[in-house]
Amino acid sequence: MRDLFSENDYLSYVFPEPQYLGSKHIHRGWIAQFIPSKAHVALDAFGGSQSIAYLFKQLGKQTITNDFLSFNNHIGKALIENCSVKLDKNDVEILFSQNSNPKEFNLMEKLYSDLFFTQEEAAFIDSFRSNICMLDNPYKQSLAFTVMCRSMTRKVTMGHFAHTQALKYAADPTRIKRNRSLIRPLKTLFLELLPEYNNAVFDNNQANKSYNKNILDLLPKIENVDVAYFDPPYCNSHADYQSFYHLLETFVEYWKDKQFVNGTKRYEPKRYSGFDKNSEAIDNLRKMFELSQSIPTWLVSYNDRSYPDIDTMVTMIEPYRHVVIERKSYLAGRGGKGSVAGSNEVLLICTPRK
Ligand SMILES: C[S@@+](CC[C@H](N)C(=O)[O-])C[C@H]1O[C@@H](n2cnc3c(N)ncnc32)[C@H](O)[C@@H]1O
């Protein structure tokens with residue numbers, strides 16, 4: 001049995017710096033103080049970059065994480081569920097070899113050549129993708145997906161795919177001076193990032209699990225959770241994650257049954273979120289709270305400029321839980337998704353009524 005103080009052994013592991021709209025990585029120290037130390041099983045319901053799930057794992061909790069997008073689930077498999085598997089030299093050799101099936105694996109070149117990547121780089125992504133299937137371990141595959149997705153967001157201006165300026169910016173000397181990754185080959189970026197991800201893999205001696213579900217479908221299926229962290233998309237600002245990160249989802253899913261629309265070649269139809277449109281968010285948040293009644297403590301992240309407003313959120317939660325509102329103000333708008341200097345990061349601490 002682990003003693004109380006050895007709980008913090010895992011805090012020396014370093015979560016690789018994410019670049020994801022709304023990532024709570026920079027708020028993890030602030031959020032950590034509100035996680036009940038006695039809670040054993042912790043759920044990160046909208047895992048995204050997995051920064052808070054990783055914090056749960058570091059705190060020694062049995063961690064359940066979830067995100068409805070596949071590329072985020074791969075981060076969860078690679079860094080939360082996985083306790084020991086890493087990518088070695090031999091795996092990298094496999095990943096960097098020739099396309100193992102060029103007839104099947106040419107989607108990235110077809111869609112994104114001369115849009116987000118040069119033709120040569122897009123073809124490299126296809127061959128890398130074909131070779132992920134040659135790795136014999138699912139956690140190795142998830143690590144390969146994760147590190148390549150991160151390499152792609154590092155290479156593309158602004159780290160997302162909701163614009164069509166990637167190649168123009170990659171040819172702009174001022175931008176290159178600010179961010180040399182724009183002109184560095186994906187292969188180099190991958191090799192640079194890989195040790196950070198390998199070193200972030202650790203075992204906290206718990207059976208951790210990553211899911212890829214709509215949270216409303218997952219909640220009825222999980223039991224004995226002590227604390228749930230809810231960080232839903234913020235309607236009003238960058239809520240549509242599929243518009244920003246469609247390319248990563250296409251790389252992972254390698255869709256055969258989708259249309260690719262508009263200038264960015266986003267897949268269509270999108271997955272159903274239920275939390276990314278003002279017209280649906282309130283109903284689904286209400287359902288989510290109703291389905292969470294067996295979980296004693298809820299921590300709900302919000303920003304005081306989002307929809308619905310904090311008062312509405314509190315009104316929805318109060319039938320079930322006592323709510324305390326904690327606020328952290330942004331110093332200079334470095335809050336991530338939708339953050340503006342002067343706005344607040346909000347955490348609702350929801351505990352059972354006495
Ligand atoms: C604000 S972000 C979470 C950020 C995360 N806390 C982090 O630190 O990176 C919201 C996440 O919710 C996911 N999402 C949206 N609708 C969902 C749904 N119905 N079920 C599960 N995840 C959903 C999005 O893919 C996105 O990653």
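## Pairing of strands E1 and E2

Strand E1 (residues 41-44) runs parallel to E2, and four bridges join the two; strands are said to pair if DSSP finds at least two bridges between them. Helices (H or I, at least four residues) and strands (E, at least two) are DSSP runs, numbered from the N terminus. Val41 has Gln62 of E2 as its bridge partner. Between E1 and E2 the chain passes through helix H2 (residues 51-58), making a right-handed β-α-β crossover. Right-handed means that, with the strands pointing away from the viewer, the path from the first strand over the helix to the second runs clockwise.

The model is predicted: local features need pLDDT of at least 70 and side-chain atom pairs count only at pLDDT 80 or more, whereas totals for chains, interfaces and linings use all residues. Residue numbers start from 1 along each chain as its sequence is written.

Five of the five residues of strand E2 (residues 62-66) are buried, a residue being buried if 20 or more other C-beta atoms, placed from the backbone, lie within 10 Å of its own. Both faces are covered: Gln62, Ile64 and Asn66 are buried on one side, and Thr63 and Thr65 on the other.

E2 also pairs with strand E3 (residues 209-211), in the parallel sense and over three bridges. In this pairing Ile64 stands opposite Lys209 of E3. Helix H3 (residues 70-81) lies across E2 and E3 and runs at about 180° to E3. Such angles run from 0 to 180 degrees between N-to-C directions, with axes fitted to C-alpha atoms, for helices over the stretch in contact; contact requires C-beta atoms, placed from the backbone, within 7 Å.

## The seven-stranded sheet

The open sheet has seven strands in the order E3-E2-E1-E4-E7-E9-E8, with mixed pairing. E3 and strand E8 (322-329) are the edges; each has a single partner strand, so one side of each lacks a neighbour in the sheet. On average, neighbouring strands are turned by 15° against each other, direction ignored.

Strand E7 (residues 297-303) and strand E9 (residues 344-351) are antiparallel and joined by six bridges. Here Ser301 stands opposite Leu347 in E9. Helix H14 (residues 310-317) packs on the sheet and touches E7, E8 and E9, its direction making about 10° with that of E9.

## Ligand shell

There are 24 residues around the ligand, of which Gly22, Phe46, Gly48, Ser49 and Ser273 come nearest; a residue is near if its C-beta atom, placed from the backbone, lies within 6 Å of the molecule. The shell comprises 10 nonpolar, 11 polar and three charged residues. Ala, Val, Leu, Ile, Met, Phe, Trp, Tyr, Cys and Pro count as nonpolar, Asp, Glu, Lys and Arg as charged, and the others, Gly among them, as polar.

Technical notes. A residue is buried if 20 or more other C-beta atoms lie within 10 Å of its own, exposed if 12 or fewer, and partly exposed in between; C-beta atoms are placed from the backbone. Two residues are in contact if their C-beta atoms, placed from the backbone, lie within 7 Å.
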